[in-house]
Amino acid sequence: MKSFTKILLTLLLSITFAHATAFSKDAKFRTVAAHITAEQPLTTGSNTLVVELKKSGKAITDATVTLKAFMPAMPGMPAMSSKVVAKNLGDGKYRATLNLAMSGTWQLHIYITPKTGKKSRIKTTLNF
């Protein structure tokens with residue numbers, strides 16, 4: 001019985017880790033909050049992010065959401081950026097695929113344009 005319990009516990013932990021997100025970050029500006037996740041760890045190249053947006057605790061469901069990731073120019077290297085309009089998944093979630101040309105710290109700006117109300121921007125960083 002003791003072995004069966006250990007096997008069951010190991011199986012449950014394995015399933016939990018298999019379904020966990022590989023990247024997760026929270027960002028906020030005033031009353032607007034973003035929870036950013038990715039199923040895979042961030043890497044050079046194509047990265048799909050899901051952004052869950054809330055304003056004063058309520059899901060933002062009626063907005064156009066644009067993500068812009070950029071890295072400023074450095075000596076011997078030009079500035080890099082990736083900008084994309086996110087797809088509305090419903091219930092305040094938006095999915096976008098960004099192309100991050102190299103590892104390092106990228107600035108991420110999330111532009112939220114609701115159909116009614118004031119436009120807002122959340123700033124954060126992606127580091128890998």
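A residue counts as buried under 20% relative accessible area, as exposed over 50%, and as partly exposed in between. Asp62 has a relative accessibility of 32% and therefore counts as partly exposed. The model under discussion is a predicted one. The protein contains 1 helix and 10 strands, and 31% of its 128 residues count as buried.

**Overall architecture**

- Read from the N terminus, the order of elements is α-β-β-β-β-β-β-β-β-β-β.
- Among contacts with a separation of 6 or more, 50% are made by residues 24 or more positions apart.

**Strand pairing and hairpins**

- Strands β1 and β2 are antiparallel and share 7 bridges; within this pair, Ala27 stands opposite Ala34 of β2.
- The hairpin of β1 and β2 has 2 residues between the strands, and Arg30 adopts a positive phi near 55° there.
- Strand β2 also pairs with β3 in the antiparallel sense, over 6 bridges, and the hairpin from β2 to β3 passes through 6 residues.
- Val32 lies opposite Lys55 of β3.
- Strand β3 pairs with β8 as well, again in the antiparallel sense, with 8 bridges; Glu52 has Lys93 of β8 as its bridge partner.
- Strands β3 and β4 run antiparallel and are joined by 2 bridges, and Lys58 of β4 is the bridge partner of Lys55.
- In the hairpin of β3 and β4, with 2 residues between the strands, Ser56 takes a positive phi near 55°.

**Nonpolar core**

- In soluble globular proteins, nonpolar side chains tend to be buried together.
- The largest nonpolar core has 29 residues, and the members that touch the most others are Leu49, Leu53, Leu67 and Ile110.
- At least two residues of this core come from each of β1 (23–29), β2 (32–38), β3 (45–55), β5 (63–71), β8 (93–100), β9 (105–114) and β10 (120–127).
- The greatest contribution to this core is that of β5, with 5 residues.
- Beyond its neighbours within four places in sequence, Ile110 contacts Ala34, Ile36, Val51, Val65, Thr66, Leu67, Ser120, Arg121 and Ile122.

**Largest pocket**

- Rolling a probe the size of a water molecule over the atoms shows where empty space is left.
- The largest pocket holds about 170 Å³ of space.
- Its lining consists of Phe29, Arg30, Thr31, Val32, Lys55, Lys118, Lys119, Ser120 and Arg121.
- By class, the lining of the largest pocket comprises 5 charged, 2 polar and 2 nonpolar residues.
- Arg30, the residue with positive phi in the hairpin of β1 and β2, is one of the lining residues.
- Val32 and Lys55, which stand opposite each other, both belong to the lining of the largest pocket.

**Ser120**

- Which strand holds Ser120? Ser120 is placed in β10.
- Ser120 has a relative accessible area of 17% and is therefore buried, and Ser120 is also among the residues that line the largest pocket.
- Apart from neighbours within four places in sequence, the contacts of Ser120 are Val32, Ile110, Tyr111 and Ile112.
- One of these contacts, Val32, is likewise a lining residue of the largest pocket, while another, Ile110, is among the core residues that touch the most other members.

**Asp62**

- Asp62 is located in the loop between β4 (58–59) and β5.
- Which residues does Asp62 touch, not counting those up to four places away in sequence? Asp62 touches Tyr94, Thr113, Pro114, Lys115 and Thr116.
- Asp62 and Ile112 lie 50 residues apart in sequence, and their C-alpha atoms are 9.7 Å apart in space.

**Gly90**

- Gly90 belongs to strand β7 (residues 87–90).
- Because its relative accessibility is 28%, Gly90 counts as partly exposed.
- The C-alpha atoms of Gly90 and Glu52 are 9.6 Å apart, with a sequence separation of 38 residues.
- Glu52, in turn, has Lys93 of β8 as its bridge partner.

Terms used:
Residues are numbered from 1 along each chain as its sequence is written. This is a predicted model: local features need pLDDT of at least 70, side-chain atom pairs count only at pLDDT 80 or more; totals for chains, interfaces and linings use all residues. Side-chain values use heavy atoms; hydrogens and water are left out. On a 1 Å grid over the protein atoms alone, a cavity is a set of points where a 1.4 Å probe fits but cannot get out, and a pocket is an open set with protein on both sides within 12 Å along at least five of seven lines; lining residues have an atom within 4 Å of a point. Grid points are joined across faces, edges and corners, and a volume is the space filled by probe spheres set on the points. Ala, Val, Leu, Ile, Met, Phe, Trp, Tyr, Cys and Pro count as nonpolar, Asp, Glu, Lys and Arg as charged, and the others, Gly among them, as polar. A nonpolar core is a set of buried Ala, Val, Leu, Ile, Met, Phe, Trp, Tyr and Cys residues joined through side-chain atoms within 4.5 Å. Buried means under 20% relative accessible area, exposed over 50%, partly exposed in between (1.4 Å probe, protein chains only). Helices (H or I, at least four residues) and strands (E, at least two) are DSSP runs, numbered from the N terminus. Contact means heavy atoms within 4.5 Å. Two strands pair if DSSP finds at least two bridges between them.
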